[in-house]
Amino acid sequence: MEDKNIPKHVAIILDGNGRWAKNKGMPRTFGHKRGAENVVDIAIHAKNCGVKYLTLYAFSTENWKRPASEVDYLMKLLISFVEKKLAELMDNDCKLNFLGDLEALPSPTKKACKLALDKTKNNKSLFINIALNYGGRAEIVHAVKSIIDKGYESFEITEDLIKENLYTKNIPDPDLLIRPGGELRISNFLIYQIAYSELYFTDCLWPDFTSDEFDKAIEAYKKRNRRFGDIK
Ligand code: IPE
Ligand code: IPE
Ligand code: MG
């Protein structure tokens, strides 16, 4: 039976990889590698807790500003993530989905994303959305363009129509947004969808973010009183 105290949709900003590596005297890329290794472990743990949707911020529309060598490493890391983790995702009945403009990615990375989408398309236990070349503002611009292209008139514009034209179409809004890495900001993540999400920030860096850290966030969530503007 569904437990109402468990968030149905958890979103995580995967932050702190670079600092984690720097603290160990290692290059930033070492932190990205460790961070990627953490993803499926946390996803399986989330599934076992009863979470149905997990949305992970992996690369923002602003992350292209980073040195080309780091961007290149991240794009290749995605390919090796798919190669290494696809079997485990299949074994755990996880369905992958990507949020963002995949067309702008290098073609081998795009190909890996499409393979992962195709292989996992019939899985049902956990829906994992990876936000890649994702920006909340870019997503809203994309939604507005598609609404105009479909020929809607202004009187037909509703919140639901906007929702249906976001990358997160058919995905419920996040109940809980977790940001590891110590920064107290949203960094252009799901800005339309998190209007009523519960926010949880921790100094723990993403590569150190274990199942116990996840449980702490869930425990904090359970204590929240979600009123949605009402007085209950
Ligand atoms: C990983 O963390 C998230 C990505 C943008 C790929 P960072 O690379 O931002 O790590 P920090 O914040 O510099 O420590
Ligand atoms: C947010 O982290 C984006 C991802 C985790 C993919 P950043 O490290 O890019 O965010 P800022 O620059 O600290 O806001
Ligand atoms: Mg960062």
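Helix α4 (residues 107-119) lies across strands β3 and β4 (126-134), and runs at about 140° to β3. Helices (H or I, at least four residues) and strands (E, at least two) are DSSP runs, numbered from the N terminus. Angles run from 0 to 180 degrees between N-to-C directions, with axes fitted as lines to C-alpha atoms, for helices over the stretch in contact, where contact means heavy atoms within 4.5 Å.

This is a predicted model, in which local features need pLDDT of at least 70 and side-chain atom pairs count only at pLDDT 80 or more, while totals for chains, interfaces and linings use all residues. Residues are numbered from 1 along each chain as its sequence is written, chains are lettered from A and ligands numbered from 1 in the order in which they are written, and side-chain values use heavy atoms, with hydrogens and water left out.

Strands β3 and β4 belong to an open sheet of six, ordered β3-β4-β2-β1-β5-β6 with parallel pairing; two strands pair if DSSP finds at least two bridges between them. At the edges are β3 (94-99) and β6 (198-201), each pairing on one side only. On average, neighbouring strands of this sheet are turned by 20° against each other, direction ignored. Five bridges join β1 (residues 9-13) to β2 (residues 53-60), and Ile12 has Leu56 in β2 as its bridge partner.

The residues around ligand 1 (a heavy atom within 4 Å) include Leu14, Asp15, Gly16, Asn17, Arg28 and Ala58. Polar contacts are pairs of N or O atoms within 3.5 Å. A polar side-chain atom of Arg28 lies 2.8 Å from a ligand 1 oxygen.

Definitions and conventions. Polar contact = N/O pair within 3.5 Å; in protein donor to acceptor, adjacent residues only side chain to side chain.
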